[in-house]
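Try each task before reading its solution.

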Amino acid sequence: MARAQARSQMQYRVNFVAMIISMVLTYGGQFVNLFWLTERFQSVGGWRLEEIVLLYSLAILAWGFAVSFFFSLTGFEDQIRNGTFDRALLRPMNPLFHVLGSQSPIGGIGQFVFSIAAFIFAFSATGLTLTPVKLVYLVLTAMGGGLILGAALIGVATLAFWTTRTYTFYWSIVFPARQLVNYPVSIYHKALQLVLTFGVPFAFINYFPAHVLLERTAELSMPALAWGTPVVGVVIISVVYGFWHWGTRFYTGTGS
Amino acid sequence: MRAAYAFVSQGFRQQAAYKVEGWLGIFSSLIWFVIYAGIWTALLRGDAEALQRQMMYVIAGQFLGELNFLPTWEVGAKFRQGDVGLELIKPVALPVRILGDFFGRSLFRLLRATPVYLIIWIAFGLPAPTVAQVGLFVLTGLIGWVIISTLTLSMSLIALWTVQFDEAEQLFGIGMSLLSGSVIPLYYLPAWVGSVARFLPFAGIFFVPSAVLAGTLSGADLLQAMVLQVVWALVGVGILTSMWRAGSTKLVMQGG
């Protein structure tokens, strides 16, 4: 038994190493592209390399929280198709927590490691200091950003009550939408900026809070927005939870 | 040839049947377009002519993205489930069937994307390309498809020998993201990177056709690029053929 345990542990370690390699390749590739672009053109919409890296690291950190607590929702279609969700509905526990519980909460560890490395680079390159206020806000904003992304994943999973699909929705909507905020949202058309602020509030994941860390809140037309991420996170996830709750009423088993 | 055609038309019809996926695919493609358009508008703000060329380049890339949609993960799943044994008793070789199916699906995706990007092209007031440009875009795009489809399918076939094969595809993916011109055209890369990338297979997949449509690659340079494309396409076909031969022989030995 012990040997079997050890062997299964080894299996996970190989998986873990493979996951880290894959992450280094993905984020590393994005970084190199960004590096080459800023080398050629100096800045993107007035944001220098290290400032955009700060946006990246905030986005990755928030995504780390979302992966840790909400990522199982991308596979929710399997739970619907296999009828596992029927079981969740019968338990004396909130069915959403049941779905969220079907994953390991350390899933985002790679993202955390990566974002800390990116923060160190961004802070040393910008020469800014991390005051206690900034550090507290950084943690709060990362959790708020995690809630915003978690809300997006709950929203996608809710659609499965009608479509019985989640993977396609994740890969065609949430994944590309996350990439929108890898660059400062100020480069986009005003209408899209409004959507990313008041509709799908991804701008709160990194763009607005980055102004606090960079001490540039005065540049925003509404400086208060820079401090809004934790509140926005709680509000949006409550709204989307309402949507999910309403959606469960339309759930019918697939008969399998 | 007729067998291959049958798989192309079957793939086309199959893709047409997935209505939700179809619209989501367009939506996702549009998000990526917005990201690239936003970045390049910010980078080339001072140079209207370069920006116009770059917008044509980006739209060309969106077409190529649809053409080069290669869901090789389906092949991987097939191998893991052990269906590959059944593949060998079928009269048409697996690579022909898979690539025929993929090509048919790409044709449908292209057909669906064409009106969308045509409207965007006109809405942005971009100049109409010449007939020769369009013809060369289609031709170089197709050669590029041969390069990417044979190379990626060859990587999927590594699964015939070992279970772990994701790393090869990931490395290829990083090459695509950095050196194919799908994000940054080769002439905006650091000079040394651009001069190396010109000779690699990646450039033939995105950069050559996109630059043809944008009008930034013509004459002797284009001729040289196309010769390189053909060479890489032949290399790809060669690798795929020999890998399939070797792999299917090996499987027969195991089974019998």
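**Exercise 1.** How many residues of chain A are in contact with chain B, and how many of chain B with chain A?

*Solution.* A note before we count: this is a predicted model, where local features need pLDDT of at least 70 and side-chain atom pairs count only at pLDDT 80 or more, while totals for chains, interfaces and linings use all residues. Residues are numbered from 1 along each chain as its sequence is written, and chains are lettered from A in the order in which they are written.

Step 1: take two residues as in contact if their C-beta atoms, placed from the backbone, lie within 7 Å. Chain A then gives 28 residues and chain B gives 26.

Step 2: helix H1 (2–41) and helix H8 (167–180) of chain A each give two or more residues to this side (helices are DSSP runs of H or I, at least four residues, numbered from the N terminus). The largest share, 12 residues, comes from H1(A).

**Exercise 2.** Is B:Thr152 buried or exposed?

*Solution.* Step 1: find B:Thr152 in helix H7 (residues 131–157) of chain B.

Step 1: B:Thr152 is buried because it has 22 C-beta neighbours inside 10 Å (buried needs 20 or more other C-beta atoms within 10 Å, exposed 12 or fewer, with partly exposed in between; C-beta atoms are placed from the backbone).
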